[in-house]
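Q: I have a model open and want to learn how to read its features. Where do we start?

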Amino acid sequence: MGPRYQVSCRAVQRINSGHRVELPALFPTDAKNRAFGACVAGLLLAVAVYGGCVMLAWGKTPLGQEPQGEAAAWLHGAESFFDGTATREPFFRSPAYLIVLAAVREAGVPENGLADAARFLNLLAHLATTALVIGLGLRFWRRKGALVAGALWGFYPPAVFLAMQPVPATLALLAWLCGAGAALGTVWQSPHWQGGRLTRRHAWAYPFTAAVAFVIAACLQATLWPTALAWPLIALFLGRD
């Protein structure tokens, strides 16, 4: 087996065969790694500034001021949901995003400001997703690789473009990545992964967290239901001795 390496001050070294695997921390917290934390903070700040500039510029365009197509359908559905005229949708139709937008309207945002509020929520979700990409990258690569992965995603034009649209894709991806991180913890703790074993403390926490996150993602984006439905079977398989 390869040499062990330490991921953070709270994480045990990577596995040798026959040793229990513990999930590494997403971000290092010891004083020695403050420079890395500063790099992460700087990257997230740069992504926030870039996304904010794009959001302001897009909001001044005709499509930004008057969304069309799918974006307009979501805004219209949210308004119908808010005023009580919407038809009842089954859960597999993924109405969660309508509930989110209706809650924004309930908070006092006017109808003509709903698109801008949705973009702002998506920008926050894009920042959180970038942070998750960095955290997940630390479990596979060195810190420079994790930073590069975060930068590639944070400044990825299609991802930023989706964040500028009042559609559920960005929020759904955030929830899905949370589930993927918990699922990765389940895999690393599984007896099928180089001698790992789920501890009593983690025997249910990782699989349950992944299941909840996948269901939330599917309620936001209907195309993610296969992941939510398949995960319980995968978790049962991974939990077998």
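A: Start with aromatic rings. Rings of Phe, Tyr and Trp, the latter by its six-membered ring, pair if their centres lie within 6.5 Å. In this predicted model, Trp 176, Phe 214 and Trp 231 form one aromatic cluster.

Q: How many residues does the largest nonpolar core have, and which have the most contacts inside it?
A: The largest nonpolar core has 38 residues. Phe 214 and Trp 231 are among those with the most contacts inside it, along with Tyr 97, Leu 101, Leu 114, Ala 210 and Leu 220. Helix 3 (69-83), helix 4, helix 5, helix 8 (169-189), helix 9 (205-220) and helix 10 (225-239) each supply at least two residues of this core. A second, separate core has nine residues, including Leu 43, Val 47, Leu 138 and Leu 147.

Q: Which residues of helix 4 are buried?
A: The cut-off for buried is under 20% relative accessible area. In helix 4 (residues 96-106), Ala 96, Tyr 97, Leu 98, Leu 101, Ala 102, Val 104 and Arg 105 are buried. After helix 4 comes Gly 108, with a positive phi near 115°.

Q: What do the buried residues of helix 1 pack against?
A: They pack against helix 5 and helix 6 (143-154). The buried set is Phe 36, Val 40, Leu 43, Val 47, Gly 51, Gly 52 and Met 55. Leu 43 and Val 47 also belong to the second core.

Q: How do I describe a pair of aromatic rings?
A: Use the distance of the centres and the angle of the planes. The whole structure holds six aromatic pairs. In one of them, Tyr 50 and Phe 155 have ring centres 5.4 Å apart and planes at 55°, so the pair is tilted. Tyr 50 lies in helix 1 and Phe 155 in the loop between helix 6 and helix 7 (157-163), so the pair ties together parts that are 105 residues apart in sequence. Tyr 50 is partly exposed, at 33% relative accessibility. Phe 155 is partly exposed too, at 31%.

Q: What kind of aromatic pair do Trp 58 and Phe 161 form?
A: An edge-to-face one: 5.7 Å centre to centre, with 80° between the planes. Trp 58 lies in helix 1 and Phe 161 in helix 7, so the pair ties together parts 103 residues apart in sequence. At 45% relative accessibility, Phe 161 counts as partly exposed.

Q: What is the secondary structure of the protein overall?
A: It comes to 10 helices and zero strands. Buried residues make up 44% of the 241 residues. Of the contacts with a separation of 6 or more, 68% are between residues 24 or more positions apart.

Q: Where does pLDDT stay under 50?
A: Where pLDDT is low, the predicted coordinates should not be read in detail. Here pLDDT stays under 50 over residues 1-28 and over residues 192-200. The mean pLDDT of the protein is 76, and 74% of its residues reach 70 or more. Among the elements, helix 5 (residues 114-137) has the highest mean, 91, and helix 2 (residues 62-65) the lowest, 76.

Methods
Residues numbered from 1 in each chain as written. Predicted model: local features only at pLDDT ≥ 70, side-chain atom pairs only at ≥ 80, totals over all residues. Heavy atoms only, no water. pLDDT = per-residue confidence, 0-100. Helix = DSSP H or I, 4+ residues; strand = E, 2+ residues; numbered from the N terminus. Contact = heavy atoms within 4.5 Å. Buried < 20%, exposed > 50% of the residue type's maximum accessible area, 1.4 Å probe, protein only. Phe/Tyr/Trp six-rings, centres within 6.5 Å; stacked < 30°, edge-to-face > 60°. Core = buried A, V, L, I, M, F, W, Y, C linked by side-chain atoms within 4.5 Å.
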